[in-house]
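Subject: Structure handover

Hello,

Here is the structure I promised to pass on. Please open it alongside this message; my notes follow below.

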Amino acid sequence: MAEIKLNHIYKRYDNKFEAVKDFNLDIQDKEFIVFVGPSGCGKSTTLRMIAGLEDISDGDLVIGDRRVNDVAPKDRDIAMVFQNYALYPHMNVYDNMAFGLKLRKFDKKEIERRVMDAARILGLENLLDRKPKALSGGQRQRVALGRAIVRDPQVFLMDEPLSNLDAKLRVQMRAEISKLHQRLQTTTIYVTHDQTEAMTMATRIVIMKDGVIQQVGSPKEVYDAPDNVFVGGFIGSPAMNFLRGQLEDGYFTMNDVRVKVPEGKMKTLRDNGYTNKEVLLGIRPEDIHDEPVFIESSQDTKIKAAIDVAELMGAETYLYSKVADQDFIARVDSRSDIHSGQHIDLALNMNKCHFFDTETEQRIY
Amino acid sequence: MNNLSELYGEDYAVTSEQPERYYWYKTAGGERFGVRKARLSDEEHMLLCTLFYHEVDSDMEDPVQQKWVSVLFDENLDVSTVTEKPVRYIHFHLKEVPSDFTEFKEAMIGLFSTEVIFLFKNEKEGLMVQENTEGEQLVEELEQMAAALTADFFIEMSLFVGQVIEDTTPSNLLNTYQTEKRWFTSGIKLIPSQLVFTQPAIVPAILFSEASKETIHYIKTLIEPVSEDAELLKSIRAYLEANLNITMASKQLYVHRNSLQYRVDKFIERTGIDVKSFKGAVMVYLALLTYELR
């Protein structure tokens, strides 16, 4: 078990490209940290620097109580799980899991104990004689996890370990990895581009873009209070809606559409000099309502919408629509029975909305 | 050389009956010498490796391996038949020298059946000569193996799977080796993240290595309207790699074929490139590759 500190970490390549810029993070013992962001955001590079597969150009990496920038990867007491099933095709499951321990000169009995323990945890006891070819994708990734578990490292580093699995299996393995973490309590850093994985698994999420941390927080914090437009749009599915408009007389206006801004929010906006200025309103699809009771009580945030597409998802329906020529999505209860082409009233829950600066894209409130 | 001989005295040799006890080096002029391993500190060995070419496998006794080394590394074409069966080279390149090189080497050798001949050119590169040239799963297995070695040794590697060589005359074996190695080197430089290269996949990389920045930029901009849509790009790549077969690609992506069909149509609509036509597909494939270039 270990704490990890990343202080002012940079990664620069020979061609001067900065893949990671001033990365600062303190990871507590037993945390499950998820690095998330679009491809090329620097999340894997950061993970690889922690593993020692990439040199750190600048800054300090501390695992436990020692600075490990110059410590060989194999001496950092970490174990990695990759997107590709990291398995030896010609070895059976048992030997695959035992191999790393043999390399580290563990005695035979200890190897057997650890492999059997891991096999039990991962439900692989009946598959120990099988070769990887005879296993399903999920079983293979479980063996790859087993290879990491037997090492009993201070830190697990996982680089998109579920990307090769189909959607159903991904959901299942997601839960299994979370359970595994609860059981083993090993500090884990997990990289993914999938915000659902990040939201469901993380103790804290680190959202990255262009090599820079955009926000660090618990899944709830980053969902409820995104620091900027990027985080708001990246976390959550369907994504947060962003509507461009002016703040006038306590209203957010888009051409001839006006919605009342709650006084508390308006005061902050006023205090920060946004009166009569253009701002971005961010509102999540589930905060746009079609229930008559809600609309009745929210007359000053009511909008008229022509539904372009109504997508029935099961319990919910996604309504793709436009207001003042700007696209938005509402997520409503499927019982509403709304169809494409219909004209309906919707109301925004302005207590849940956010305002962002149009230039800096930072959240104002 | 005299200075080295003087410095290491009895521990210096040009031949030995116990070659495994020595580190062997070769000068640029081809002079070969060894220094007893016990005499050298790690730092001294590293220094000598920097100054001279380090012969990793000079101590091997297998005459078949010796023949291969002689033809491929020493470029000696006077060797009689090396092999009569068709072979395939699998080149490998390690990003770092493993600190426990012997164990790493043993692990790699142990991973293959006896039909594979391992040749280490130096501590970072070499090749496996595969005599059983069948193997549909080869690329996938090699990817898994490379990832497993990285997980166990924290050493990353790239591999290049060559074509089957039917003409096994020493000159053709050497020529093929040198050509493939050149291609592999270009591939690693251009797409360092790729684990396993194959010949069809490496050809565009070679073309890019000789293209101007402007050309690459131009090719990149062909799919700019969708460049931010990672999901769409992944789908199109899978579609292209499944030989434009929607059913196969959708299975690969675990999505319904109608969803993929929709994504392909969306791609065509947004880029204006008919990716369903052969020429359009080639263009899009090249454009996708530019996003992986360093």
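Lys133(A) and Glu141(B) form a salt bridge through their side chains, with 3.5 Å from N to O. Across the interface of chain B and chain A, the rule finds four salt bridges. Keep in mind that this is a predicted model.

How much area is buried between chain B and chain A? The figure is about 2500 Å². Carbon and sulfur atoms give 57% of that area. On the chain B side, the most area is lost to chain A by Gln144(B), Asp152(B) and Phe154(B). Together these residues account for 29% of what that side buries. In terms of contacts, 24 residues of chain B touch 32 residues of chain A.

Now chain B by itself. Its division is into domain 1 (2–55), domain 2 (63–208) and domain 3 (211–290). The centres of domain 1 and domain 3 of chain B, taken over C-alpha atoms, lie 54 Å apart.

One helix pair in chain B deserves a look. Helix H6 (residues 170–190) packs on helix H7 (residues 199–210) at an angle of about 70°. Their axes are 9 Å apart. Because angles of 65 to 115 degrees count as roughly perpendicular, H6(B) is roughly perpendicular to H7(B). H6(B) contributes Trp183(B), Phe184(B), Ser186(B), Gly187(B) and Leu190(B) to the contact. From H7(B) come Gln199(B), Ile202(B), Val203(B), Ala205(B), Ile206(B) and Ser209(B). By class, the residues of this contact are seven nonpolar, four polar and no charged.

Last, some backbone details to check.

- Ser237(A) and Pro238(A) are joined by a cis peptide bond, with omega at about -5°. Pro238(A) sits in the loop between helix H8 (229–234) and strand E11 (241–248) of chain A.
- Asp337(A) is not a glycine, yet has a positive phi of about 55°. Its place is the loop between strand E18 (326–333) and strand E19 (343–348) of chain A.
- Asn243(B), also a residue other than glycine, has a positive phi near 55°. Asn243(B) lies in the loop between helix H9 (230–241) and helix H10 (246–253) of chain B.

Best wishes

Methods:
Residues are numbered from 1 along each chain as its sequence is written. Chains are lettered from A and ligands numbered from 1 in the order in which they are written. This is a predicted model: local features need pLDDT of at least 70, side-chain atom pairs count only at pLDDT 80 or more; totals for chains, interfaces and linings use all residues. Side-chain values use heavy atoms; hydrogens and water are left out. Domain bounds come from an automatic or database domain assignment. Axes are lines fitted to C-alpha atoms, for helices over the stretch in contact, and angles run from 0 to 180 degrees between N-to-C directions. Helices (H or I, at least four residues) and strands (E, at least two) are DSSP runs, numbered from the N terminus. Angles under 35 degrees count as roughly parallel, over 145 as roughly antiparallel, 65 to 115 as roughly perpendicular and the rest as oblique. Contact means heavy atoms within 4.5 Å. Ala, Val, Leu, Ile, Met, Phe, Trp, Tyr, Cys and Pro count as nonpolar, Asp, Glu, Lys and Arg as charged, and the others, Gly among them, as polar. Buried area is the accessible area (1.4 Å probe) that two parts lose on being put together, summed over both.
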